[in-house]
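Walk me through this model, from its overall layout down to single residues. Where are the pockets, and what surrounds them?

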Amino acid sequence: MADQINTLEDLDQVTAGTEAEVVVEEAISREPVRDELGRSYATGKRKDAVARVWIKPGSGKVTVNGKAMNEYFARPVLQMILRQPFTVSGTEDQFDVVATVKGGGLSGQAGAVKHGVSKALQLYDPSLRAALKAAGFLTRDSRVVERKKYGKAKARKSFQFSKR
């Protein structure tokens with residue numbers, strides 16, 4: 001009966017070992033998800049915008065709704081938002097991106113494409129997941145516009161109050 005657990009310390013050592021093995025197995029079990037053309041696909045969302053994103057190895061060309069990135073997103077801030085996942089993961093100019101976006105405004109669409117690119121990168125190469133998750137790019141930003149309430153001018157703004 002040498003394998004018998006006598007103290008709480010022995011129990012902690014046994015359970016700690018199994019937890020570590022489970023974590024290692026989960027890390028190993030993540031495999032790249034690619035289609036027959038070598039692409040990874042993901043859906044990104046932000047506000048009312050939904051982006052369908054495909055990435056594949058290439059020269060860093062980004063196409064959004066059939067237009068070049070700097071043509072579709074003219075503001076430099078929006079272009080910077082799209083480049084963030086590549087900067088954080090250290091894969092600038094290594095992937096071509098094709099995205100189709102619907103709904104929302106330009107800012108929400110840029111955020112949706114960023115979310116989709118991050119998810120697709122993580123699916124293409126699971127080793128990039130840690131960097132993308134630490135930067136918060138894999139989390140969907142759940143903030144959306146609040147609905148208008150009856151008896152109010154907007155969601156919270158009241159009509160002008162008149163004492164008399």
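This is a predicted model: local features need pLDDT of at least 70, side-chain atom pairs count only at pLDDT 80 or more; totals for chains, interfaces and linings use all residues.

The chain holds five helices and five strands. Read from the N terminus, the elements follow the order α-β-β-β-β-α-α-β-α-α. The chain has 164 residues, and 29% of them count as buried. Its accessible surface is about 11300 Å². Carbon and sulfur atoms account for 54% of that surface. Contacts reach across the sequence. Take those between residues at least 6 apart: 67% of them join residues at least 24 apart.

Start with the largest pocket. Its space comes to about 190 Å³. The lining has 13 residues. Which of them lie nearest the centre? They are Arg 46, Ile 81, Gly 111, Lys 114 and Asp 141. Two elements, β1 (40-46) and α4 (106-124), each give at least two residues to this lining. The largest share comes from α4, with four residues. By class, the lining of the largest pocket has six charged, five polar and two nonpolar residues.

Is Arg 46 buried or exposed? Its relative accessibility is 17%, so Arg 46 counts as buried; the cut-off is under 20%. The side chain of Arg 46 comes to 3.5 Å from the backbone oxygen of Arg 143. Beyond its neighbours within four places in sequence, Arg 46 contacts Gly 108, Gly 111, Ala 112, Arg 140, Asp 141 and Arg 143.

With a relative accessible area of 1%, Ser 40 is buried. The side chain of Ser 40 reaches the backbone nitrogen of Tyr 124 at 3.4 Å. Setting aside residues up to four places away in sequence, Ser 40 touches Val 33, Arg 34, Val 53, Trp 54, Ile 55, Ala 120, Leu 123 and Tyr 124.

Stay with helix α4 for Gln 122. What is its exposure? Gln 122 has 13% relative accessibility and therefore counts as buried. Gln 122 and Arg 30 are 92 residues apart along the chain, yet their C-alpha atoms are separated by 9.9 Å. The two residues are also in contact.

Now turn to the second largest pocket. Its volume is about 160 Å³. Which residues line it? Gly 60, Val 62, Met 69, Arg 83, Phe 86 and Thr 87 are among them. The lining also includes a run of residues: Thr 91, Glu 92, Asp 93, Gln 94 and Phe 95. Helix α3 gives the most to this lining, with three residues. The classes here are four nonpolar, four polar and three charged.

Asp 93, one of the residues lining the second largest pocket, lies in the loop between α3 (76-89) and β5 (95-102). Its relative accessibility is 59%, so Asp 93 counts as exposed. The backbone of Asp 93 deserves a look too. Its phi is positive, about 60°, although the residue is not a glycine. Most residues other than glycine have a negative phi.

Asn 65 also has a positive phi, near 50°, and is not a glycine either. Where is Asn 65 found? Asn 65 is in the loop between β3 (62-64) and β4 (67-68). At 31% relative accessibility, Asn 65 counts as partly exposed, because that value falls between the 20% cut-off for buried and the 50% cut-off for exposed.

Helix α4 supplies the largest share of the lining of the largest pocket. Helix α3 gives the most to the lining of the second largest pocket.

Notes. Residues are numbered from 1 along each chain as its sequence is written. Side-chain values use heavy atoms; hydrogens and water are left out. Buried means under 20% relative accessible area, exposed over 50%, partly exposed in between (1.4 Å probe, protein chains only). On a 1 Å grid over the protein atoms alone, a cavity is a set of points where a 1.4 Å probe fits but cannot get out, and a pocket is an open set with protein on both sides within 12 Å along at least five of seven lines; lining residues have an atom within 4 Å of a point. Grid points are joined across faces, edges and corners, and a volume is the space filled by probe spheres set on the points. Ala, Val, Leu, Ile, Met, Phe, Trp, Tyr, Cys and Pro count as nonpolar, Asp, Glu, Lys and Arg as charged, and the others, Gly among them, as polar. A polar contact is a pair of N or O atoms within 3.5 Å; within protein, one must be able to donate a hydrogen and the other to accept it, and residues adjacent in sequence count only if both atoms are side-chain atoms. Contact means heavy atoms within 4.5 Å. Accessible areas come from the Shrake-Rupley method with a 1.4 Å probe; for residues, only the protein chains shown count as cover.
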